[in-house]
Amino acid sequence: MILIIRPKTETNTIVNDLEEKNCSLFLEPVSEIKFINLKINFDANGFFLISSLQTVKALALQKKIDQQFLNNANFLVIGNKTAQRCKSLGIKNINKVFFSSLDLIDYLDQNKQINELNHLTGSVENELLEEWSKKNQHFIKKTILYDVEFISKLSEECCDHIKNRKFDFMFHYSLKSAEVFLNLINDSDLNYVLSDINHLCLSHRIADGLRVCGILKERVFYAKKPEHDALMLQFDHIRT
């Protein structure tokens, strides 16, 4: 059985793909996304970073967003799928699309023409970008468009599945969610999760974080590119 801990609103694609493969799966969302309706006056001439699909959804829900902002502002985007959603929203000037936060940092280190970057994001920090920004005179400013709220207890059904060793695979799209999940597991079941479940990660960074959390190196796998399709290819490779 496969355990998925993403928010319910973000699971449609992976659920459909896994069901087509006749996989048994269990959904245990450890977080919930709550969008904030802000009155924001964006600088239409500024540079903005969008790093998640949730940000695009949050922008779409802003009732009084200035169309001039979407038409004229300059955007850096992490993720091809996120870039596609940005275009669907009406964003015109996507200067560059990156595979990961590390790719973005390499670009910013080499291109000094941007004086300040406004990260349109959620309440969970991107530690890589935060650390880089502090070293570069707080170059990246943040505008919070949505809150991520985490659960304080796993469901009884999920706990029973863990106790009875039902899970073979677990998918990870967020290091923070994985850390929250691991902290909620009973001590008697933790070794099973760390040693016996195969953990598939959307990115190399998440995989590194899981190893730091104590998951065995040989049980951690990651997509060659931080994209859903690449993650599914890795899953197919492990299963065979």
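Modeller: Two strands pair if DSSP finds at least two bridges between them. Helices (H or I, at least four residues) and strands (E, at least two) are DSSP runs, numbered from the N terminus. This is a predicted model: local features need pLDDT of at least 70, side-chain atom pairs count only at pLDDT 80 or more, and totals for chains, interfaces and linings use all residues. Residues are numbered from 1 along each chain as its sequence is written, and side-chain values use heavy atoms, with hydrogens and water left out.

Start with strand 4 and strand 5. They run parallel and are joined by 4 bridges. Ile-50 has Val-77 in strand 5 as its bridge partner. Now turn to strand 7. Strand 4 (residues 47-50) pairs with strand 7 (residues 117-122) in the parallel sense, over 3 bridges. Phe-48 has Asn-118 as its bridge partner in strand 7. Leu-49 stands opposite His-119 in strand 7.

Now the rings. Rings of Phe, Tyr and Trp (its six-membered ring) pair if their centres lie within 6.5 Å; planes under 30 degrees apart count as stacked, over 60 as edge-to-face and the rest as tilted. By this rule the count comes to 9 aromatic pairs. One of them is Phe-35 with Tyr-146, edge-to-face, at 6.2 Å centre to centre and 65° between the planes. Phe-35 lies in strand 3 (residues 31-35) and Tyr-146 in strand 8 (residues 140-150), so this pair ties together parts that are 111 residues apart in sequence.

How covered are these rings? Buried means under 20% relative accessible area, exposed over 50%, partly exposed in between (1.4 Å probe, protein chains only). Phe-35 is partly exposed, at 35% relative accessibility. Tyr-146 is buried, at 7%. Another edge-to-face pair is Phe-69 with Phe-75, at 5.4 Å centre to centre and 70° between the planes. Phe-69 is buried, at 0%. Phe-75 is buried too, with a relative accessible area of 0%. Phe-48, Phe-69 and Phe-75 form one aromatic cluster.

Last, the charges. A salt bridge is a side-chain nitrogen of Lys or Arg within 4 Å of a carboxyl oxygen of Asp or Glu. The whole structure has 8 salt bridges. In one of them, Glu-10 meets Lys-57 at 3.0 Å, N to O. Glu-10 sits in the loop between strand 1 (2-4) and helix 1 (12-20), and Lys-57 in helix 2 (residues 53-61), so the pair ties together parts that are 47 residues apart in sequence. Glu-10 is buried, at 10% relative accessibility. Lys-57 is partly exposed, at 28%.
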